[in-house]
Amino acid sequence: MEAASLHVQNLEEAPASVTVISAADIRKYGYRTLGEALATVRGFDLSYDRIYHYVGVHGFSLPGDYNTRFLVMINGHAMTENVFGSNNFWGQDFGLDMDLVQRIEIIRGPSSALYGSNGMFATINVVTKSPVDQSSARVSTETDTFGGRKAVVSSSVYLGHGANLLVSASAFNNRGQTLYFPEFDSPETRNGIARGVDGERGYHTFANLIWRDWDVVAYVNSREKSPPVAWDDISLFGDRGNRVLDQRDFLRVSHSRDVGKTGKIGVQISYDRYRYADRFNYPSSEQAQVIRDLAYGDWLSSQLTYSVQAPKLGTLTLGAQVNWDLRNLQENYATVPERIDLLHEDHPDRVFSVFAQQEIDFSERWKAYIGLRFDDSHVFDDSLSPRIALVHQRSPRTVYKVVYGHPFRNPSVFEQYYTGQSIATSTGLHPETAHTFEGSVEHKLTGELTFIANLYDYRTRNLIQAAYLDAGLQQFRNSVNVDARGVEFELTGKPWARLEARGSLSLQQTANPDGSRLPNSPRQVAKLRVSTALFREKLLVSASSQYLGSRPTLAGGVVRPVYLTDVTATTNHLADQFELQFGIRNLFDRAYDDPVALAVDRMQGDGRSAFVKLIWRSRE
């Protein structure tokens, strides 16, 4: 893995507690989205408000915060967009099909010392398969009992002169479910039944060209979602005209080469694009009024890194980065009965950053990491982000790690400047910061079984939350200082020759100064997954379970604990060129709710569903 330190290293050396999900894991457990994969990871939890999925870790998953305290990257390229500051890409809005993923690196803890804003709690780096590792042609189709349909086509081609090209495209459509909302149970609002308003459709495209020391990546995708419930209770309930559209694209060109005997220099330039558009119908005296929100984000980024093996020390990494917003425009307007402009805000930022990290090899057993980054922002405050880590390889079987970090998150332009139907303009926001402490031990009980324990203490300051005002309005404020403390245990490996297993338990307390828990924060998170091969390894069978403790809602209620189980069966070389996969999600059809920040404060989760996937590969 390489995201933890910007160069390749093994998990024992990394200055963080790291989990890696491999391509083999994705295949055998039938992960169809990034969110499904992360939902099985120690300490992580997933919630869904029928518009976006949200990922929580260490008890932080505030409803409606748009996943702003994570970094999600594709091959080291940050996916954080420049309007909402979000990484809202866990379902089909993540435009990379899971069949293209080589591994997912989950690095716990702060990463602002290397990557800047938003690297508060965790970094998820999705590494794609190389064009030389893919089949020359591959086609897959899948369907599920919720009405989902998807088809993926990919190809890998050798172009000559050392150039290899991978291209992939997919299309998906889902008619969605019929849902019941007791909050809207009246004749005027369809007796609380939302029918035909939970679907989504869209496409994914991805291309990767590798030629000598050059690497070009293009990523273009779109997803349109029909929301059964809007952000506020003023809009028309269950209206089929309501919709939300997200598009996230980028083009990146990178080049790396060796310098001297131990040095390496890397350069990358990228253009990123984000588009958001929604439409919600509101009642008026004569006819329904249509309210539109639009967001247009365009920005350029460039980065230069240099790493070298410093004599008698270790690897020294130096870097400089420039992020230049072309625009981060927000518009809000009414279109019926006539256009009325309500909001037009555009505040492009320019950020210049320099960073350095020195690895110090005290001995064969002791290694230290000292990192520091400075970010100079045109719109927000300047930030200085240190990180210090100590890694002790006590023996070939035992590793201890201690990490301190001081990450930050700048307010998004949405939080700072937006005003609309239910949100009042902020009076001025300061960056969030935190003092984070993590300690972990990894001990190999046997050659195939590893025990991990991770202890953490996060002290956040100036946490940005939506405060509720009179007349139902919200306003983003630096409201409170929140502390998160917890301990995680994990046992992973092969307890028997043909059985792979991973079990974990997380006990966490994330609380406001008055001791109250944050919304959507479970005290207990438990995970278990197992897989085995049957019939002379012709069939892979897997199961994964998770338990989430009770979670508070924004309105002061509590959703009850939930226990969910998924099972998947995948053929393994059963037929030439073909592979078949079958899975059941929420096997025992458990009824549960997730805390959300919409016109309702809880959303019912998915019941039992089944899917079938057929894959064809060309002969090599």
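1. Nonpolar core. In this predicted model, the largest nonpolar core has 43 residues. Phe44, Phe94, Ile104 and Ile124 have the most contacts inside it. In soluble globular proteins, nonpolar side chains tend to be buried together.

2. Ile104 in that core. Setting aside residues up to four places away in sequence, Ile104 touches Thr19, Val20, Ile21, Ile26, Leu34, Ala37, Met98, Ile124, Asn125 and Val126. One of these, Ile124, is also listed among the residues with the most contacts inside the core.

3. Tyr458. Where does Tyr458 lie? Its place is strand S27, residues 449–461. Tyr458 counts as buried because its relative accessibility is 0%, and the cut-off for buried is under 20%. Its side chain makes a polar contact of 2.5 Å with the side chain of Glu438.

4. Neighbours within four places aside, Tyr458 is in contact with His58, Gly109, Pro110, Met120, Phe121, His435, Thr436, Phe437, Glu438, Val482, Asp483 and Ala484. Take Met120: 338 residues separate it from Tyr458 in sequence, yet the C-alpha to C-alpha distance is 9.7 Å.

5. Aromatic pairs. How many aromatic pairs does a search of the whole structure find? The count is 19. Tyr66 and Phe84 form a tilted one, at 5.7 Å centre to centre and 50 degrees between the planes. This pair links distant parts of the chain, 18 residues apart. Tyr66 sits in the loop between strand S3 (53–57) and strand S4 (70–74). Phe84 sits in the loop between strand S5 (77–78) and strand S6 (101–108). Tyr66 is buried because its relative accessible area is 14%; Phe84, at 11%, counts as buried too.

6. A further pair, and the cluster. Phe414 and Tyr418 are also tilted, with 5.1 Å centre to centre and 40 degrees between the planes. Phe414 and Tyr418 are both buried. One aromatic cluster takes in Tyr52, Tyr66, Phe84, Tyr274, Tyr276, Phe414, Tyr418 and Phe476.

7. Charges over rings. Arg32 places its charged end over the ring of Phe611, 4.2 Å from the ring centre. The charged end of Arg350 sits over the ring of Trp324, at 5.1 Å from its centre.

Conventions: Residues numbered from 1 in each chain as written. Predicted model: local features only at pLDDT ≥ 70, side-chain atom pairs only at ≥ 80, totals over all residues. Heavy atoms only, no water. Helix = DSSP H or I, 4+ residues; strand = E, 2+ residues; numbered from the N terminus. Buried < 20%, exposed > 50% of the residue type's maximum accessible area, 1.4 Å probe, protein only. Contact = heavy atoms within 4.5 Å. Polar contact = N/O pair within 3.5 Å; in protein donor to acceptor, adjacent residues only side chain to side chain. Phe/Tyr/Trp six-rings, centres within 6.5 Å; stacked < 30°, edge-to-face > 60°. Lys NZ or Arg CZ within 6 Å of the ring centre and 35° of its normal. Core = buried A, V, L, I, M, F, W, Y, C linked by side-chain atoms within 4.5 Å.
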